[in-house]
Number of protein chains: 2
Amino acid sequence: MLKKYLLAPGPTPIHPEVLSAMSLPIIHHRSTDFTPILDSAKKGLQWLYQTKNDVLILCSTGTGGMVGSVSNFFSPHDKVLVINGGKFGERWTKICRSYGLQVQEIEVKWGYAVKPDLIEASLKKDPEIKGVLVQASETSTGVYHDIKAISEIVKKRDNTILIVDAISALVAHDIKTDQWGIDVMVGGSQKGMMLPPGLSFVSISEKAWKMAEKAKLPKFYFHFKKEKEALAKNQTNFTSAVTLIIGLNESIKLLQKEGLENVFKRHEQLAHITREAVKSIGLELFSQESPSNAVTAILAPEGIDGQKIYKTLKDKYGITTAGGQGKAKGKIFRIAHLGYADIFDIIIAVSAIEMVLAELGFPIKLGKGVSTIEKLILKK
Amino acid sequence: MLKKYLLAPGPTPIHPEVLSAMSLPIIHHRSTDFTPILDSAKKGLQWLYQTKNDVLILCSTGTGGMVGSVSNFFSPHDKVLVINGGKFGERWTKICRSYGLQVQEIEVKWGYAVKPDLIEASLKKDPEIKGVLVQASETSTGVYHDIKAISEIVKKRDNTILIVDAISALVAHDIKTDQWGIDVMVGGSQKGMMLPPGLSFVSISEKAWKMAEKAKLPKFYFHFKKEKEALAKNQTNFTSAVTLIIGLNESIKLLQKEGLENVFKRHEQLAHITREAVKSIGLELFSQESPSNAVTAILAPEGIDGQKIYKTLKDKYGITTAGGQGKAKGKIFRIAHLGYADIFDIIIAVSAIEMVLAELGFPIKLGKGVSTIEKLILKK
């Protein structure tokens, strides 16, 4: 019997109380059994997002929320600026181009964060840019872009909105939607929210709603105005993903019990001890700056295939991490510390990495990474 | 303690074995834990759809599958023919128009089925029509359109595809995708499949794939060609709705154990006893012809508000049925016999209807409807 551990950056483990709530007999979505749950979940999302804006709840993966965040705010041939520093930055570009937008890209070397100055310069050069699209945490590289600094640049412009993919950052990073002035922010269920995949969330500012009025791209399934109207009646525009929304409500209650500040601190600590542990055993981080609190991307040592590390962790030790995506495939492996995670998840992961690397011929002092973690925890 | 009964046309009750499988710890979608499950579910869907075509599995409500079935096969200004006989027929029109298609409608009076001759005549008159869009079971009226006859008309034309919304018909009606020649057929998880909302399914014929090659409407989230390529590797294009697909696999196993013919017979019998019971207590069916096996729509008696019947069933007896939608609101109420349902679900519903109608002042012989059912069952 191989006991299973899930440390991939989504889906992440589901909290047992959430799983239990989701296992009750299903109820009807347009009924008084369900509307108070949706009401509570929508208010909880506003709390988590730190916003008074509407936060829509869509039945889709996070990518669906990203697509809606393009099709609801722009018209064909509109100009947008995409920060492309990884696989999900690439996705913004692909979505925008598939809808006929003119995309200008700031390409960021994988493993690095965007320099906000470059965004300011691009916007100055082209006043017609209507949207800036960026990831908060770029899951493919383990890098966090400085959303606060980027917000300050974009909010000065009346006709440009900031659209943030916070799918893996939500819960892991303290992102102050209203205080910073983020116009559109996308979240997903299967990351920090401790839920199965199937829901995406989108917060929308007044400024963005005004742009939505003029947007001409075709939309039907992700129709934000209609979702907003439905949400005001504690409904969704189409059938609600009842089970997942019940889980969402439970998840938020758990996060509220912990307290927002503690939630962020926990993720910061887990990310910190992960990085220090892997560095102490002689590994190098893939993220050269601004590492994410959601996921740590680690370079496979010279001569060892990252996919081989991933595969051995999985097959021999029952630990599901993630390999590299796109051009990082084979070069890196990634460990998430996201959602229902604590220090012992990291100790398990680091201990297994030590054993796997030793087996694969990497010179390592067994127990070194784990001792690094223990020392860091006791020093606190 | 009010015991709850769910007899609405989606979500429908979830089979306990399905619920139990969905309650296990979550697994990663791009892993060898999950790919055999997806492989089994996709083959199971082909069995259920009676097709050798690909059946895509999308993370969305059924409407998402409908939207994809428009955006993947047509280009702006293409002409389509929509059979509009209820709220979901209207939805086809709205989707097509939101994507800039030219829609010709055959309006069918609510409660009636389309005359296939009218479709043939429309197609003859306009050889440019590239698609015929229709519901199998129109959930809002409880009517089943004759998909077999419609298929025979459309399949004679090389440049027209038939797109069927079988969201509530799947499992409840014997629809022979390949034998009849249906090009695109949409299903959803929360109806006959005994699953929560969150998945849609789309089968696609060779003829439809050829049209997809020329289709220019924008698409990204519902990109069928990419889903097909992913499915060949037992993956989905974006994050898989892991939990729901695990449930799907279990549901199909249960249906396979029962046998396809028995599944259809059960739904036919439940629909039949429902109709006979409500007629025997003096109620009139809303569907004047070709009633659906999935849901029975019943006219509220003269002077009694259909919503009042719905509400009393729910509040006093714990039974969730459905009221009328759109222009049928207040005039009808609807009972589903779909998915995890047997004769005693119908006996409960009919017994409660008898009591509610008596309370609302409708002259009724208590027990009459239930006795009708018992007699019908024993006669078999």
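Visitor: In which sense do strand β9 of chain B and β10(B) pair, and over how many bridges?

Guide: This is a predicted model, in which local features need pLDDT of at least 70, side-chain atom pairs count only at pLDDT 80 or more, and totals for chains, interfaces and linings use all residues. Residues are numbered from 1 along each chain as its sequence is written, with chains lettered from A and ligands numbered from 1 in the order in which they are written. Strands are DSSP runs of E of at least two residues and helices runs of H or I of at least four, numbered from the N terminus, and two strands pair if DSSP finds at least two bridges between them. Strand β9 (residues 184-188) of chain B and β10(B), where Val202(B) is the bridge partner of Val186(B), pair in the antiparallel sense over five bridges.

Visitor: Which residue in β10(B) stands opposite Ile57(B)?

Guide: Strand β2 (residues 54-59) of chain B also pairs with β10(B), in the antiparallel sense and over six bridges. The residue in β10(B) that stands opposite Ile57(B) is Phe201(B).

Visitor: How are α13(A) and α14(A) oriented to each other?

Guide: Helices α13 (residues 343-359) and α14 (residues 368-379) of chain A pack with their axes 8 Å apart, at an angle of about 155°. Axes are lines fitted to C-alpha atoms, for helices over the stretch in contact, and angles run from 0 to 180 degrees between N-to-C directions. Angles under 35 degrees count as roughly parallel, over 145 as roughly antiparallel, 65 to 115 as roughly perpendicular and the rest as oblique; α13(A) and α14(A) are therefore roughly antiparallel.
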